Amino acid sequence: MRMIDNLFFRFQSLILRKFKRKYKIGQFQIILPAGHKLDIFKRKFSNYDAKLPIIAKFIAEKYETISIIDIGANIGDTATALRCEVDSAIVCVEGNPAFIPTLERNISALPGIIKVIDKFVGKEGEDRAGKIVTGNGTARIEFNVGEGQSPEIQFISYKNIMTAKNDLPQTKL
């Protein structure tokens, strides 16, 4: 049975690589770009993204007015899951230009305050050339790779994320 599940998972992955599709999170619908595997992971691991919104709900009940920072916001799936449970302000930090259009599209349908910071989190002022490698709904940065490098990958420090959201409530998550 496990072998059949693995074959089905691989077949499904190959098919979904080619198509963008709609995916429902709570009462909201987001778009998964071609190749993104959130729906596959969620089917295989039902608790994949289930705990954080529950934790956020408990924190929001205790502190009433908070803001949440989503570092590595990807396509906005975590922000969407959080919005299902809390009305808190959310700051989405995502440096990969490949994800920004889908992130902005997905969060545009959500109520409440949601800001996007389009930088990677790291030591500020040390922006440098590198290559952003995107695939299967995730990404990584490779430095010192030569050909195909981005002119400059920009970083923002956690401290400056906090400064950029100074008009929002205190961050607890």
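How many bridges join β3 to strand β4? Five bridges do so, and the two strands run parallel. The model is a predicted one, and this tour begins at that pair.

Please select residues 67-71, which are β3, and then residues 89-93, which are β4. Within this pairing, Ile 68 of the structure has Ile 90 in β4 as its bridge partner. The three strands make up an open sheet with parallel pairing, and their order is β3-β4-β5.

**The helices.** Next, select residues 77-85, helix α4. This helix packs on the sheet and touches β3, β4 and β5. The direction of α4 makes about 170 degrees with that of β4. Proceed then to residues 100-108, helix α5. Helix α5 lies across β4 and β5, and runs at about 175 degrees to β5.

**The cysteines.** Finally, display Cys 84 and Cys 92. Which of the two words, buried or partly exposed, applies to Cys 84? Cys 84 is partly exposed, because its relative accessible area is 23% and the cut-off for buried is under 20%. Cys 92, by contrast, is buried, with a relative accessible area of 0%. A search for disulfides will return nothing, as the structure holds zero of them.

Definitions and conventions. Residues numbered from 1 in each chain as written. Predicted model: local features only at pLDDT ≥ 70, side-chain atom pairs only at ≥ 80, totals over all residues. Heavy atoms only, no water. Pairing = 2+ DSSP bridges. Helix = DSSP H or I, 4+ residues; strand = E, 2+ residues; numbered from the N terminus. Contact = heavy atoms within 4.5 Å. Axes fitted to C-alpha atoms, helices over the stretch in contact; angles between N-to-C directions. Disulfide = S-S within 2.5 Å. Buried < 20%, exposed > 50% of the residue type's maximum accessible area, 1.4 Å probe, protein only.
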